[in-house]
2 protein chains.
Amino acid sequence: MGERRLATDVEALRSDVDRIAQAALTAVAPETCLRRALHVEGDQLRVAKETFDLSRIQRIIVVGMGKASARMAATLEDLLGERISGGLVVTAHGYRAATRKVGIRKIKIVEASHPVPDARGLAAAKRIVTIVEEANEEDLAIVLISGGGSALLPLPASGIALYDLAATSELLLRSGAKIQEINTVRKHLSQVKGGQLAGHAFPAQVLALVLSDVPGDSLNAIASGPTVGDPTTFDQAKQILRQYRLWEEIPKSVRERIEAGVRSTIQETPKPGDAVLQRVTTTIIGSGSDAVEEALAEGERLGYYTLLLTTTLEGEAREVGKVLAALAREEVNTHRPLSLPALILAAGETTVTVRGTGKGGRNQEVALSAARGIEGLCGVVVASLGTDGRDGPTDAAGGMVDGGTVSRMRERGIDPEEYLEENNSYEALEKAGDLIVTGPTGTNVADMCFVAVGK
Amino acid sequence: MGERRLATDVEALRSDVDRIAQAALTAVAPETCLRRALHVEGDQLRVAKETFDLSRIQRIIVVGMGKASARMAATLEDLLGERISGGLVVTAHGYRAATRKVGIRKIKIVEASHPVPDARGLAAAKRIVTIVEEANEEDLAIVLISGGGSALLPLPASGIALYDLAATSELLLRSGAKIQEINTVRKHLSQVKGGQLAGHAFPAQVLALVLSDVPGDSLNAIASGPTVGDPTTFDQAKQILRQYRLWEEIPKSVRERIEAGVRSTIQETPKPGDAVLQRVTTTIIGSGSDAVEEALAEGERLGYYTLLLTTTLEGEAREVGKVLAALAREEVNTHRPLSLPALILAAGETTVTVRGTGKGGRNQEVALSAARGIEGLCGVVVASLGTDGRDGPTDAAGGMVDGGTVSRMRERGIDPEEYLEENNSYEALEKAGDLIVTGPTGTNVADMCFVAVGK
């Protein structure tokens with residue numbers, strides 16, 4: 001009986017975490033976010049503090065980029081209906097499916113490659129630029145921006161091949177440069193990033209609706225900020241490439257463009273306050289914080305004491321897993337920091353340093369690593385999932401582990417440490433029955449981590 | 001004025017963290033712990049639930065091993081004075097100094113090498129075994145155990161050279177075996193670990209006083225449990241060596257001993273409940289939890305809202321630093337999980353994967369990494385320190401960083417990322433004025449991490 005009861009307890013705990021995660025996902029679904037942010041009353045479209053008088057707008061065109069753009073477009077059609085003249089959004093392979101249930105007629109959806117850009121993304125980017133360039137003063141261009149948008153809308157500056165752009169990114173990524181530094185260079189090699197998409201739309205009005213996957217929600221960072229002023233310069237881009245000793249390594253076309261920019265013979269990206277951005281409204285309609293708030297609320301409704309650790313979690317996935325396990329152990333041993341039942345939450349984005357040849361993702365590595373740290377403990381669940389439903393190149397969203405996970409793995413001949421070393425978290429979790437599988441959710445905000453400890 | 005005030009605020013915060021850390025260190029000083037645990041009234045010595053009638057005890061001999069043993073011995077002399085007949089404790093190089101202020105007469109202190117054992121440690125171990133073997137039924141052997149004791153008391157089983165023992169440890173450490181597995185093998189190659197020191201003392205009474213540096217305070221793990229029953233076996237040791245494919249790699253003498261143990265031609269380590277352990281009392285007199293409790297109490301006295309994350313923190317130091325910084329950012333941005341002023345605490349032991357050739361320690365790496373994550377933030381301090389006062393092979397106990405640390409480093413030509421990559425945390429923190437230097441504290445419990453955010 002004793003054992004049975006423990007098993008039931010952990011099942012109840014897993015089911016609670018599942019329900020909490022579902023609630024969080026629903027809170028950041030494009031439908032929820034758009035309906036929360038946009039209010040249509042007669043001819044008035046209210047968004048944040050802005051009101052657009054639709055009777056004075058000739059055409060509404062819709063463009064978009066990112067993993068959530070298809071679902072966002074479908075919802076927008078549902079909200080604005082026949083008022084939309086047309087448009088095009090680009091999303092990642094497999095994400096169009098998220099619109100099947102709702103249907104979409106006016107806005108065309110194309111799929112392209114992520115995270116490595118491809119020719120389809122390039123073609124879509126060209127068409128999107130043409131669409132917004134054709135918009136005039138009486139038109140409203142609605143731009144649907146979500147995570148992944150940067151890779152999905154790869155339009156290099158004239159004279160630079162997509163291949164050279166990719167090579168430059170690759171060199172920067174390997175050099176240890178920070179993501180902000182990499183983006184500074186990228187923005188100066190693009191025709192759309194760093195406010196340039198909005199620049200192409202001028203003089204049309206622009207309404208950018210952003211679903212944020214960036215911890216801290218920096219508008220410059222989400223999809224490389226296609227509608228917001230770019231504070232960085234060609235000078236800085238050159239300095240960064242010099243600092244990481246890449247100036248001589250990068251393709252000649254890239255070096256020449258940056259030199260031209262430094263000499264001011266080509267135009268800078270639009271800066272904050274520039275005239276071309278005066279008719280642009282950019283607003284965040286959903287982010288990891290919304291998911292977190294709903295998870296906390298749902299946890300409380302289910303009777304848990306709750307604690308939010310951070311919404312900007314970062315670090316190597318397996319090490320973050322160890323820290324989460326340490327928190328779980330403290331809850332089990334001393335009921336601190338929370339009384340039981342306890343739900344501890346964190347949101348953000350961890351990283352994986354690939355060493356092995358296995359299959360997995362950052363959330364699955366967090367979970368597998370945490371499984372080792374809670375081995376044998378009763379009444380504990382640790383889960384980590386990506387809100388887009390796709391963790392790494394797998395069909396799982398993440399993993400949910402408990403005190404019995406490691407022994408279930410060992411029974412199936414799996415040494416968790418070895419599998420983690422091989423970055424083979426998917427197979428290990430699959431065999432233990434501990435994958436979280438949601439399918440593409442149609443949204444994309446931060447990852448979420450849960451530590452739940454029963455009474 | 002604005003800037004000045006911020007500077008003052010961060011100074012006040014740093015001074016608070018310093019004071020909180022000092023309070024924690026005092027709470028786990030050997031004096032504090034021994035005086036809290038031992039009560040001498042006339043001829044009665046009370047420890048935990050045991051009472052020793054000193055009038056019926058012929059001789060009190062004292063042996064000990066670990067970084068805190070010298071200071072523990074000095075305090076014990078102060079408490080029991082002339083009742084102590086003599087003894088010997090072994091501590092790490094530089095730790096004898098911690099007894100200078102108090103003086104010590106009856107108990108001899110020797111210094112040996114840590115973490116790599118040396119001939120001095122071997123000689124001390126032999127003398128300690130002889131001392132306890134000479135104790136008889138009417139005697140009381142007090143064993144002072146603290147972290148580092150395992151390396152400082154390296155007495156291989158007969159027939160095994162210290163070199164072969166070291167080679168076996170090295171192989172195990174590199175194989176990815178868990179610390180418990182490594183210790184299972186080590187205990188079966190030793191004359192003192194895994195209850196064997198207490199075995200040598202039989203039939204004398206044994207009182208082991210333990211200052212725990214092991215998260216979770218497992219008596220089997222602290223200094224390899226010289227006075228507690230060892231649940232592991234020769235069979236398991238062999239299995240572990242086979243599992244990590246080391247059976248053919250280990251020195252012949254080691255393989256032969258384990259084979260002999262498996263065939264039961266040599267004696268197992270004492271098991272829990274064995275007759276030779278019937279007269280042994282082992283009690284923890286201080287641990288990381290005591291430090292944590294006092295830090296929380298001192299934080300509250302200073303007006304902080306406090307939160308204990310865990311007392312079993314683990315993970316790669318630089319990644320743990322990132323997580324602590326993420327907590328700090330959340331406090332600054334949303335005042336969660338605590339209202340301000342906030343003090344978040346964690347205790348445990350991180351690890352460092354050495355990649356570079358610089359100088360530093362795990363606590364300094366936590367601090368340097370956290371500095372990058374809180375760059376530019378006002379009113380935030382993150383600190384990490386080792387309670388023994390020596391972080392890695394340096395004269396610093398750890399580091400205390402704030403939002404200005406990274407810019408102070410850059411002003412002095414230091415790129416924090418580069419220094420972290422080179423494991424050169426000491427120099428980076430030194431140049432920023434952010435080292436914590438306490439000197440050897442004479443104690444050794446868990447490491448402590450602090451996140452403090454001002455109002």
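Colleague: Which residue forms a salt bridge with A:K67?

Modeller: This is a predicted model, in which local features need pLDDT of at least 70, side-chain atom pairs count only at pLDDT 80 or more, and totals for chains, interfaces and linings use all residues. Side-chain values use heavy atoms, without hydrogens and water, while residues are numbered from 1 along each chain as written and chains are lettered from A in the order written. A salt bridge requires a side-chain nitrogen of Lys or Arg within 4 Å of a carboxyl oxygen of Asp or Glu. The closest N and O atoms here are 2.8 Å apart, and the partner of A:K67 is A:D388.

Colleague: How many salt bridges are there between domain 1 of chain A and domain 2 of chain A?

Modeller: An automatic or database assignment sets the bounds, giving domain 1 (10-24 + 289-453) and domain 2 (30-155 + 190-232 + 269-286) of chain A. Between these domains of chain A, the number of salt bridges is two.

Colleague: What area do chain B and chain A bury between them?

Modeller: Buried area is the accessible area (1.4 Å probe) that two parts lose on being put together, summed over both. Of the area between chain B and chain A, 48% lies on carbon and sulfur atoms, and the total is about 2500 Å².

Colleague: Which residue of chain B meets A:R336 in a salt bridge?

Modeller: The interface of chain B and chain A holds four salt bridges. In one involving A:R336, the N to O distance is 2.5 Å, and the partner is B:E293.
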